[in-house]
Amino acid sequence: GIRRHLHCEVCVVCNALAPSPVCLSCRRQPQQTAMILIHRGQQTENKVRRLHAICSHCTGCEEAGRACEALDCALLYERVMTDVQHQRGLDLDWGLSLLSSERPPIHQ
């Protein structure tokens, strides 16, 4: 259907349009790309912890994700989106595995 015509990949590192999750330009710079992904992973983990702490304090419950029902809360939306990003592991494990499995051709 029409979805295959509208689907395009975006590099998880630089957001450039690419035929794969990590573009050729980023794959040609594996050390820099790895550092970017590691830094993002650390930022995401810190954000997850910070948002969960705020939600736990607000709800008075350690399991804030299950206790919070405030659909109009901007932090709830941000926490859920950050959790999704963290669970997908785009920032670190998945991206780094792409670097090691997809060796780009080197043109001189």
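The accessible surface of the protein, calculated by the Shrake-Rupley method with a 1.4 Å probe, comes to about 7,900 Å², of which 56% belongs to carbon and sulfur atoms. The structure is a predicted model, in which local features need pLDDT of at least 70 and side-chain atom pairs count only at pLDDT 80 or more, whereas totals for chains, interfaces and linings use all residues. Residues are numbered from 1 along each chain as its sequence is written, and side-chain values use heavy atoms, with hydrogens and water left out.

The protein contains 6 helices and 2 strands, taken as DSSP runs (helices H or I, at least four residues; strands E, at least two) and numbered from the N terminus. In that direction the elements follow the order α-β-β-α-α-α-α-α. Of the 108 residues, 31% are buried, that is, under 20% relative accessible area, with exposed meaning over 50% and partly exposed lying in between (1.4 Å probe, protein chains only).

Val13 is in contact (heavy atoms within 4.5 Å) with Cys26, Thr33, Ile36, Leu37 and Arg40, not counting residues up to four places away in sequence.

Helix H5 spans residues 74-88 and holds Thr82, and Val80 is also found in helix H5. Thr82 is buried, with a relative accessible area of 3%, and touches Thr44, Lys47, Val48 and Leu51, again not counting residues up to four places away in sequence. Val80, by contrast, counts as partly exposed at 38% relative accessibility.
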